[in-house]
Amino acid sequence: MIPVIQFSNVSKTFGGVRALINIDFEVMPGEVHCLAGENGCGKSTLIKIISGVYDPDPGATLTLMGQEYETLSPAQARRVGVGVIWQDHALFPEMSVAENIAIEGFVSSKSKLVRHKKIKDVAQKVCERLGVSFELDALVKTLPIAQRQLIAICRALVSDVRIVFMDEPTASLTQSETKHLLDVVRTLTAENVAVVFVSHRLTEVLEIANRVTVLRDGQKVGVYDASEMTLAKLTEKMTGLTINPAVVDQDLSKNETVLEVKQISRAGEYEDISFSIAQGEVVGITGLLGAGRTELALSLFGMTRPEQGQIYLHGKEVEFKSNLDAISSGVAYVSEDRLSLGLIQDQSIENNLALTVLDKALAFGSLLSFKKKRTIVDHWIEELGVKSGNTSDAISTLSGGNQQKVAIAKWLATNPKLLILDAPTVGVDVGAREGIFEIVRDLAGKGLSILLISDEVSEVYFNSNRVLHMSSGCIQKEYVPARCDISELEDAIYGKAI
Ligand SMILES: Nc1ncnc2c1ncn2[C@@H]1O[C@H](COP(=O)(O)OP(=O)(O)OP(=O)(O)O)[C@@H](O)[C@H]1O
Ligand SMILES: [Mg+2]
């Protein structure tokens with residue numbers, strides 16, 4: 001059996017940044033090969049070279065299906081069967097689902113009507129093959145991120161692919177959707193298609209991979225059989241560090257109450273929600289997709305309004321008419337969907353930092369100069385360890401995880417009283433996650449109250465004073481990590497679902 005892909009001596013330099021240094025990489029047919037490594041270690045760059053988006057520095061040998069190339073164009077890569085699902089999906093929001101999936105093969109087709117029917121047929125077939133269903137005429141911009149992800153996968157499979165690259169395909173998916181996706185991956189490998197999979201969720205990596213190539217700072221650490229790897233070993237290879245999580249064992253319920261929510265409801269979203277967060281407390285909310293977590297967060301941030309019940313901040317009832325009201329009352333919200341809500345991709349890092357919301361937030365009560373704002377933001381960027389070249393570069397040149405850090409830094413700079421973190425570590429590597437949670441605990445230690453929303457149970461379990469399990473729009477039960485095992489919480493969430 002010849003490898004689908006065999007690359008040797010691949011390097012890539014961007015200005016002064018050496019993103020990849022002498023990488024050898026090989027993938028066999030039908031194999032699931034994971035690329036693992038911290039944010040900015042070069043995973044996406046390697047994928048961009050393989051798919052012809054970037055040329056490698058001179059001296060590389062690229063062998064695809066036994067054929068050697070010095071450089072590759074995207075068209076060549078596609079022709080030999082390379083399919084890619086990008087980290088940001090790269091879909092056309094104004095086009096329909098069917099068009100996004102299948103239009104590429106029909107651009108030259110003359111008749112619009114014939115084209116429309118054929119596009120739908122092709123799209124339908126791919127959906128069936130993957131066991132997913134969509135309203136094919138719906139515009140992509142109207143769909144949630146989890147569905148866009150599946151559409152991006154369908155699109156890659158329309159042509160006759162031999163190898164599919166998935167760059168963090170599960171980053172925005174919940175665990176049940178992830179299970180579905182992993183089944184899709186198994187379907188592909190059963191057809192002898194190779195899959196190269198990038199994920200920061202290491203349990204998932206070990207579950208799905210045959211082999212794992214680990215990169216660190218642009219260099220290859222090694223390639224390992226997944227069956228011989230453990231979570232701890234993999235983490236160590238990626239970071240050079242050993243991480244031992246411990247629960248937060250501190251009862252802060254006697255502190256002053258910062259947020260109190262009394263029996264709030266919003267039809268079809270959440271129902272009869274009551275809870276409070278004391279000063280310096282981290283309260284976690286976890287549950288499956290559709291549990292109403294984000295809907296609840298949006299109401300606390302003034303993006304929607306509860307139809308019943310009351311919200312109190314420092315004992316005073318608040319009725320936010322918009323998110324600006326919430327911001328001026330000291331509420332900050334790092335959204336789960338940084339790609340569409342948090343950051344503007346074509347804009348520079350510095351412009352993203354001074355986005356309108358932040359501008360207005362910082363301007364409340366005081367007139368801050370741009371320079372002053374920059375100083376505050378630069379401080380947070382440094383605290384969070386954002387790896388960037390120049391702040392005038394477009395935000396899209398930052399690695400996914402570093403973009404997330406910018407999104408968090410932006411809000412920390414508003415000096416909030418209540419910080420809502422909605423899936424704050426989506427796409428963030430294990431080392432940087434620790435960094436973010438260290439900051440979360442540090443901020444809580446300084447008196448900030450934090451609502452931490454995540455579907456990664458371990459994340460809320462290890463970083464919250466209390467955890468609320470939400471399902472079907474209601475809070476089911478409160479757990480205190482210091483007094484219960486993580487499996488109790490996991491069983492409550494997945495026990496009946498699987
Ligand atoms: N177009 C570009 N211009 C300048 N620097 C770039 C560009 N693309 C990537 N880089 C830099 O190359 C390095 C590797 O980035 P890459 O996106 O490959 O990381 P990654 O491993 O995919 O990270 P993540 O897990 O955060 O997605 C980073 O330091 C990044 O800032
Ligand atoms: Mg990446």
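Biologist: What is the order of the four strands in the open sheet?

Modeller: First, this is a predicted model, where local features need pLDDT of at least 70, side-chain atom pairs count only at pLDDT 80 or more, and totals for chains, interfaces and linings use all residues. Residues are numbered from 1 along each chain as its sequence is written, with chains lettered from A and ligands numbered from 1 in the order in which they are written. Strands are DSSP runs of E, at least two residues, numbered from the N terminus, and two of them pair if DSSP finds at least two bridges between them. With antiparallel pairing, the order is 2-1-4-5.

Biologist: Why do strand 2 and strand 5 each have one side without a neighbour in the sheet?

Modeller: Strand 5 covers 67-69. Strand 2 and strand 5 are left open on one side because they stand at the edges, each with a single partner strand.

Biologist: Which residue is the bridge partner of Gln6 in strand 4?

Modeller: Strand 1 (residues 5-14) and strand 4 (residues 61-64) pair in the antiparallel sense over four bridges. In strand 4, Gln6 is partnered by Thr63.

Biologist: Which elements give two or more residues to the shell around ligand 1?

Modeller: Ligand 1 is surrounded by 20 residues (C-beta atom, placed from the backbone, within 6 Å), with Ala19, Asn39, Ser44, Thr45 and Ser399 the closest. Helices here are DSSP runs of H or I, at least four residues. The elements are strand 2 (17-27), helix 1 (43-50) and helix 15 (400-412).
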